[in-house]
Amino acid sequence: MSKFLNGFLSIFLLFSSNAFSQSNTAYPNKPIRIIVPFAAGGAGDTAARVLSQKLGTILNQSVLVENKPGAGAQIGTQFVASSAPDGYTILAGSSAIVVNPALNAATASYNPEKDFAPILIGATQPMVIVVNQALGVKNFNQLKEIATKQKLSFASAGAGTQPHVACERIFNGLWKLNIPHIPYKGISPAITGLVGGEVPIYCGAPVGVAQFVKQGKLQVLLVTSEARVPNFPDAPTVMELGLPEMKDDIWQGFFAPAKTPPAIIQKLNLALNQALKSPDVIEKLEQNDFVMLGGTPKQASDFISSEVVRWGKIATEVSNLPMQ
């Protein structure tokens, strides 16, 4: 009986191994969903839609982008964390995947290191501080002067987002001024509010800003990158303004649910790296001030771990600020 069982087990393992290998070789054999945890029109949405088209061609399969905004990106992010680890539901995640748990550890619905399998960190872009031209502010120092005399407020794509935290650190932390935060449900609504005069200041990704700058409706006061960006060549960097501690970029990455087979992660990684090297993808993303990255799943995982540490320190810093 023992020999019979051993023989049966060997045959079972052989067939199981072959079936698993074939299932991974066949991947993907149905449409892939990319979940964007923000509203349409934002930085993450833009990057996801540009890359999804190329990804579909490379994998010879439909790649669909689906927006699931809300709760500072936590709704869409948690949706992916709870999805089947089969490679057919992946997250187009941003810095928010780390920022939210750092700022709200007690109520966070996921763990960025334990609940996801990083695929790749695709690109970064700077944050900007922008004002409505009607405010009459031409540079960053003038904004501080006016903020000491007038009651101002600032918009972002949502409470607890990276741009929200960045401007709280400047306005509330460095300047010691009470400039209330007005959270919007995404970048597009926030910029619309800024252009329409609902709010005088915007902190966030530069997607959608350039057209209004060219029309003379908005003024970019600074970028948070180390070097100036092509769309706003006259906007100084935080380094030039003597604020090196505010140097920060919004990064965009792709994540699968934890326990997704490594073979699937590797296939997605190779496809995304190939997409990021495509001239048409590079052109479209650079138009929105993205800087292409790419790399291995291991590099993505190490990067997330470093971001968890960095944002843990920032969370401690801002915990002493009466954030709006």
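1. Let's start with Gln61: leaving out residues up to four places away in sequence, Gln61 touches Pro28, Asn29, Lys30, Pro31 and Gly56. Keep in mind that this is a predicted model. Gln61 sits in the loop between α2 (43-59) and β2 (63-67).

2. Next, helix α5 (residues 140-147). Its buried residues are Phe140, Leu143, Ile146 and Ala147. They span an arc of only 120 degrees around the axis, so they lie on the same side of α5. Among the elements covering the buried residues of α5 are β5 (128-132), α6 (162-174), β8 (201-204) and β9 (218-223).

3. The N-terminal end of α5 is capped by Asn139, with a side-chain oxygen 3.2 Å from the backbone nitrogen of Asn141.

4. The largest pocket has a volume of about 200 Å³. It is lined by 17 residues, and the closest to its centre are Gln219, Val220, Phe232, Asp234 and Ala235. The elements giving two or more residues to this lining are α5 and β9, and β9 gives the most, with four residues. By class, the lining has ten nonpolar, five polar and two charged residues.

5. The second largest pocket comes to about 150 Å³. Of its 13 lining residues, Val229, Pro230, Asp289, Phe290 and Val291 are the closest to the centre. Strand β4 (residues 116-126) supplies the largest share of this lining, three residues. Here the classes are six nonpolar, three polar and four charged.

Terms used: Residues numbered from 1 in each chain as written. Predicted model: local features only at pLDDT ≥ 70, side-chain atom pairs only at ≥ 80, totals over all residues. Heavy atoms only, no water. Contact = heavy atoms within 4.5 Å. Buried < 20%, exposed > 50% of the residue type's maximum accessible area, 1.4 Å probe, protein only. Arc of directions from axis to C-beta. Polar contact = N/O pair within 3.5 Å; in protein donor to acceptor, adjacent residues only side chain to side chain. 1 Å grid on protein atoms, 1.4 Å probe; cavity = no way out; pocket = protein on both sides within 12 Å on 5 of 7 lines; lining within 4 Å. Points joined across faces, edges and corners; volume = space filled by probe spheres on them. Nonpolar A, V, L, I, M, F, W, Y, C, P; charged D, E, K, R; others polar.
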